[in-house]
Amino acid sequence: MNNAILEYIHALAGYLIALGVPEEYGMVGALGSIFLLVTVVVLIFVLGLLRISRKAKKPAEEVVAGAEQEKPGAPEEEEAPPIKAEQELIEKPVPTPEKVRVEPPTPQPEEPKEVLSLFERMRRGLAKTQSALVGRIDALLSSHKGADEEFLEELEEILISADFGMQTTMDLITAIEKGLAKKNAPRAEIVRAVLQEEIRRRLQLESSTLDMTKAHPYVIMVVGVNGVGKTTTIGKLARQLTNQGKKVILGAGDTFRAAAAQQLAIWGERSGVEVIRHDEGADPAAVAFDAAKAAVARKADVLILDTAGRLHTKVNLMEEMKKIRRVLAREIPEAPHETLLVLDATTGQNALVQARLFKEAVEVTGIALTKLDGTAKGGMVVAIGSELALPVRYVGIGEGVDDLRPFDPELFVEALFKKD
């Protein structure tokens, strides 16, 4: 059988070669032809089986279906009439649902915001200083029975750490020693009373508020190093003066710090005041000239002029300030009427150093002490007033606009020593 197949394959190969197929491909062509033929035959056979199967299945399904439809001897079942309730449901039209009106929720009354008095705001702003100063003094008084040398040394350390300064601290210690020697009262009461009285006296000597009615327009030149909150202080002060009904103009004289003029312009927009500005790097004296001209022409009540904060070139700073002063005085008699130095309370003794340098370089007439709420060194207020003989005009006790307050010595001392 196998020989017959081989002979058939060879015969087929010879036939393909005769038809033109290359001799080397004759055998391959013969095998491929046989494989293709077998495949076609198998496919035809399978398709035939499937067709026969489908024809046999269809009559069987028809017979089963007919048997189910016609059962011999079984009467046709009539469709049962629907129950009355179901009939009513079928016949009764479904009503269109009405739109349900949803009442808006009753707005709940907002809880009233806590309104703090000026005293409470001052007390909260001095919380860190109170804890570091008064709290430590009370702890010292409870741990020492007498007013010995060790007690006075520790008290001196507490005062110095609160940045009262060396000279002010020694004066306070001397006053406490005298009070303890003269008065016959509980030691804690004497120490507290002497401290309050001495601090109050020193602050009242050097404290005064600005009288902005003595000139029209009243010119405030603001100085201070970068980063102390100078521009923010100007913005808050402008907002407060505007709320008091005063017409305010701002001069963006800090032309050296990037974005200083833009920052001041934002504050001016918030406060609804005009800001006179030049391009970055312009001459500050030129800004001062234009600002003074605008203040006079617009009949402004107050002109606040920002200046560049540079201490590393003290000579240049001094010459620049002199030039600005000459320009202002030429346009507005006796201007500037106030040279306000802005200091950051959190810098401690560094703020005192800055105050000394600026006092030497320019004619500083008052201090604005910012960020008093962020430090435990509130004694800086006393040190500046006592050692430099400069009045503290404003203190910052928070981030809000109203938290820049005219300095009140009585309120400061009361808030510092108030017990819960």
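The lining of the second largest pocket in this predicted model is made up, by class, of two nonpolar, six polar and four charged residues. The pocket has a volume of about 210 Å³, and the residues that line it are V228, G229, T232, T233, K236, T370, K371, D373, G396, G398, E399 and L404. Helix 9 gives the most to this lining, with three residues.

Helix 9 also supplies the largest share of the lining of the largest pocket, in this case four residues. About 260 Å³ of space lies in that pocket, and of the 15 residues that line it, Q240, L241, Q244, Y394 and P406 are the closest to its centre. Two or more lining residues come from each of helix 9 (230–243), strand 7 (392–396) and strand 8 (404–406). Sorted by class, the lining of the largest pocket holds six nonpolar, five polar and four charged residues.

Because K230 lies in helix 9 and D306 in strand 4 (residues 302–306), the pair ties together parts that are 76 residues apart in sequence. Both partners are buried: K230 has a relative accessible area of 4%, and D306 has a relative accessibility of 2%.

A second salt bridge, between D138 and R192, has its closest N and O atoms 3.2 Å apart. This pair links distant parts of the chain, with D138 in helix 5 (residues 127–143) and R192 in helix 8 (residues 187–205), 54 residues apart. Here D138 is partly exposed, at a relative accessible area of 28%, whereas R192 counts as buried, because its relative accessibility of 11% falls under the 20% cut-off.

The side chains of E274 and R298 also meet in a salt bridge, at 2.8 Å from N to O. Again distant parts of the chain are linked, since E274 sits in strand 3 (residues 274–276) and R298 in the loop between helix 11 (284–297) and strand 4, 24 residues apart. E274 is partly exposed, with a relative accessible area of 30%, and R298 likewise counts as partly exposed, at 36%. Elsewhere, salt bridges that share partners join D171, E198, R201 and R202 into one network.

The surface also carries a nonpolar patch of about 760 Å², made by V38, V42, L43, F45, V46, L47, L49 and L50. Among these residues, L49 is found in helix 2 (residues 26–69), and L49 is partly exposed, with a relative accessible area of 46%.

How values were computed. Residues are numbered from 1 along each chain as its sequence is written. This is a predicted model: local features need pLDDT of at least 70, side-chain atom pairs count only at pLDDT 80 or more; totals for chains, interfaces and linings use all residues. Side-chain values use heavy atoms; hydrogens and water are left out. On a 1 Å grid over the protein atoms alone, a cavity is a set of points where a 1.4 Å probe fits but cannot get out, and a pocket is an open set with protein on both sides within 12 Å along at least five of seven lines; lining residues have an atom within 4 Å of a point. Grid points are joined across faces, edges and corners, and a volume is the space filled by probe spheres set on the points. Ala, Val, Leu, Ile, Met, Phe, Trp, Tyr, Cys and Pro count as nonpolar, Asp, Glu, Lys and Arg as charged, and the others, Gly among them, as polar. Patches are made of residues with over 30% relative accessible area and no salt bridge: like charges are joined within 9 Å, nonpolar side chains (Val, Leu, Ile, Met, Phe, Trp, Tyr) within 5 Å. Accessible areas come from the Shrake-Rupley method with a 1.4 Å probe; for residues, only the protein chains shown count as cover. A salt bridge is a side-chain nitrogen of Lys or Arg within 4 Å of a carboxyl oxygen of Asp or Glu. Buried means under 20% relative accessible area, exposed over 50%, partly exposed in between (1.4 Å probe, protein chains only).
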